[in-house]
Amino acid sequence: MPTPSLAALPIRRLTLRDRIACADLSEDRGWPREEHKWGFLLSAGKGYGIDDPEGGLVSACVATEYGPQDRPDLVAIGMVLVAERHARQGVGRRLMQHLVSAAGTTPLTLHATPYGRPLYEELGFKVTGRAEMLRGHFTPAGPESRIATRAATAEDLARILRLDEAVFGADRTPLIARLPAFADQVRVAEDNGRIIGYAAAWPNMDTQVVGPLIAQDSETAKALIASLAARTERPLRTDLDVRHEDLLSWAKERGLASCAFNAVMTYGIAELPGDWTRRFAPLTVAAG
């Protein structure tokens with residue numbers, strides 16, 4: 001039987017059962033397998049993919065919706081991958097066009113690598129920001145922070161969600177409520193009993209990814225990073241908004257080195273909602 005053309009292969013919703021196939025696709029493109037992250041994203045968001053008649057996936061991506069379930073305020077797109085043997089044949093464009101069409105008037109956002117950015121620009125996405133990926137072993141230096149941090153508890157969840165929505169600009173309950181099961185650490189910063197920031201560190205291959213990182217100022221963000229680093233022997237990785245120059249310099253002085261830049265892009269809105277001055281790092285670039 002002749003092999004169907006790529007344009008004829010249907011796009012379908014992925015489920016948690018597709019986690020291994022998605023990890024295989026990541027590996028095929030030279031990315032880490034990231035099975036833990038794929039499982040999280042497929043649980044909290046909506047996966048889309050195209051099956052390869054010869055086995056595995058031709059392509060995959062994840063769309064994470066924020067806000068009311070029936071009419072989201074924002075959709076973050078991530079993990080857009082096409083198998084190497086099917087690359088440069090319009091598959092990625094077709095998948096992205098499907099997502100744009102399905103979103104209707106809902107604004108979209110994504111973090112684009114230099115490789116993917118031209119396609120997104122052709123589809124109408126605009127660059128509205130920039131994130132710098134840092135990686136390395138954190139080395140403490142200087143006096144201990146005056147800002148108190150502690151492990152988050154179940155009783156903190158409601159306050160964390162209120163702070164997160166105010167800073168992010170949309171309700172992220174389905175994502176943030178899964179953090180305790182997904183992350184190795186979730187910590188909060190307090191001032192007179194009031195939560196002024198929170199951060200998580202979750203396992204990804206051989207690193208601990210710091211994200212989300214939300215704080216009232218850079219000093220609070222520093223205290224949260226230092227407290228997370230003190231409780232792991234793995235190197236840290238995080239993606240910081242480049243507008244937070246003070247935090248970037250501080251992190252680099254303590255052993256984290258720049259390893260990549262991504263463009264933050266939006267579709268349907270001129271800039272992301274919320275308060276960027278308190279939003280330092282995403283949970284993952286795949287979900288905003």
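Biologist: Is Lys 37 buried or exposed?
Modeller: Lys 37 is buried, at 4% relative accessible area; buried means under 20%, exposed over 50%, and partly exposed in between, with a 1.4 Å probe and protein chains only. Bear in mind this is a predicted model, where local features need pLDDT of at least 70, side-chain atom pairs count only at pLDDT 80 or more, and totals for chains, interfaces and linings use all residues. Residues are numbered from 1 along each chain as its sequence is written, and side-chain values use heavy atoms, with hydrogens and water left out.

Biologist: Which side chain does Lys 37 meet in a salt bridge?
Modeller: That's Glu 34, at 3.3 Å, N to O. A salt bridge here is a side-chain nitrogen of Lys or Arg within 4 Å of a carboxyl oxygen of Asp or Glu. Glu 34 is buried too, with 5% relative accessible area.

Biologist: OK, and what about Glu 122 and Arg 93?
Modeller: Their side chains form a salt bridge at 2.4 Å, N to O. The pair links distant parts of the chain, 29 residues apart: Glu 122 sits in helix H4 (residues 117-122) and Arg 93 in helix H3 (residues 91-103). Helices are DSSP runs of H or I, at least four residues, numbered from the N terminus. Glu 122 is exposed at 55%, while Arg 93 is partly exposed at 32%.

Biologist: Switching topic, how far apart are Glu 219 and Lys 222 in helix H8?
Modeller: Three residues, so about one helical turn separates them. Their salt bridge is 3.0 Å, N to O.

Biologist: How many salt bridges in the whole structure?
Modeller: The search finds 24.

Methods
Helices (H or I, at least four residues) and strands (E, at least two) are DSSP runs, numbered from the N terminus.
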